[in-house]
Amino acid sequence: MKGYFITFEGIEACGKTTQVNLLYEYLINNEKLAIKTREPGGTDTGLEIRKILLHTKDDYIPPIAELLLYEADRNIHINNLIKPNLEKGYYVVSDRYTDSTLAYQHYGRGLDLDLVISLNNLASEKMKPDITFLLDIPVEVSLRRLKDKDRIENENVDFHNRVRKGFLEIAEKNKDRVIIIDGSLEVEEIHKKILQILKEKNII
């Protein structure tokens, strides 16, 4: 019995985490086996990596080191949480996955595309989501919503615009998997759209 792997993607403050929580609550309330998680930080070890990635202030973290930290978190996440729960038949709902690494590290940081894809495949052990929801909002809206900014959120507007463009290009190239949703809609309206799509695809 295999479960379903559902991921949520998008730029900062697009509403991913809210929708992850709403979908998880829906699944639990409908007596489905479900677990919610995130990258980075879906495991205890991953939480330590998350602290380094998002809250390091004194040391400069070069793009290559940043990429390797994200991939280390992912491989630990895959083997300790994602794969075991999918094998038990759970719905695994994740806030970010490999698309984020491609958007931020290739499109945002400018690292080589083949390198990022290769490391994504290595770390994820080529495990792909069954479906991905990309919540798209303009960068201006994103930056307006941000309060206490972490290391990534503090990047300049050009960086965030490149990341958004990256997500949209990823969606265009993966139409069979990635569904774009207008993240500026009301929270409940987005949730209803997500449920409708999941029902249409016989995932829930």
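This is a predicted model: local features need pLDDT of at least 70, side-chain atom pairs count only at pLDDT 80 or more; totals for chains, interfaces and linings use all residues.
**Group meeting: a walk around the model**

I64 sits in helix α3, which covers residues 63–87, and I64 is partly exposed at 41% relative accessible area.

How much volume does the largest pocket have? About 740 Å³. It is lined by 36 residues, and those closest to its centre are E12, K16, T17, D95 and R96. If you want to find it by secondary structure, the elements giving two or more residues to that lining are α1 (16–29), β2 (34–38), α2 (44–55), α3, α4 (98–108) and α8 (187–200). Helix α1 has the largest share, with six residues. By class, the lining of the largest pocket splits into 14 charged, 12 nonpolar and 10 polar residues.

The second largest pocket holds about 400 Å³ of space. Here 20 residues do the lining, and D99, L102, K128, N174 and R177 are the closest to the centre. At least two lining residues come from each of α4, α5 (113–124) and α7 (157–173). For this second largest pocket the classes are eight nonpolar, six polar and six charged.

On to salt bridges; the structure holds 14 of them. Take R74 and E39: their closest N and O atoms are 2.7 Å apart. R74 is in helix α3 while E39 is in the loop between β2 and α2, so this pair ties together parts that are 35 residues apart in sequence. Buried or exposed, that R74? Buried, at 2% relative accessibility. E39 is buried as well, at 6%.

While we're at E39, look at the bond to its neighbour. E39 and P40 are joined by a cis peptide bond, with omega about -10°. P40 is in the loop between β2 and α2. As a reminder, most peptide bonds are trans, and most residues other than glycine have a negative phi.

E125 is partly exposed at 36%, whereas K126 is exposed at 63%.

Back to salt bridges, with R109 and E66: the N to O distance is 2.8 Å. R109 is partly exposed at 21% relative accessibility, but E66 is buried at 0%.

Here's a local one for contrast. K165 and E169 form a salt bridge with the closest N and O atoms 3.6 Å apart. Both lie in helix α7, four residues apart, about one turn of the helix. K165 counts as exposed at 52%, and E169 is partly exposed at 27%. As for networks, salt bridges with shared partners join E66, R109, R151 and E155 into one.

Last stop, G110. It is in the loop between α4 and α5, and G110 counts as exposed at 56% relative accessibility. How far is its C-alpha from that of Y90, 20 residues apart along the chain? The separation is 36 Å. That's my tour, thanks.

Key
Residues are numbered from 1 along each chain as its sequence is written. Side-chain values use heavy atoms; hydrogens and water are left out. Buried means under 20% relative accessible area, exposed over 50%, partly exposed in between (1.4 Å probe, protein chains only). On a 1 Å grid over the protein atoms alone, a cavity is a set of points where a 1.4 Å probe fits but cannot get out, and a pocket is an open set with protein on both sides within 12 Å along at least five of seven lines; lining residues have an atom within 4 Å of a point. Grid points are joined across faces, edges and corners, and a volume is the space filled by probe spheres set on the points. Ala, Val, Leu, Ile, Met, Phe, Trp, Tyr, Cys and Pro count as nonpolar, Asp, Glu, Lys and Arg as charged, and the others, Gly among them, as polar. A salt bridge is a side-chain nitrogen of Lys or Arg within 4 Å of a carboxyl oxygen of Asp or Glu.
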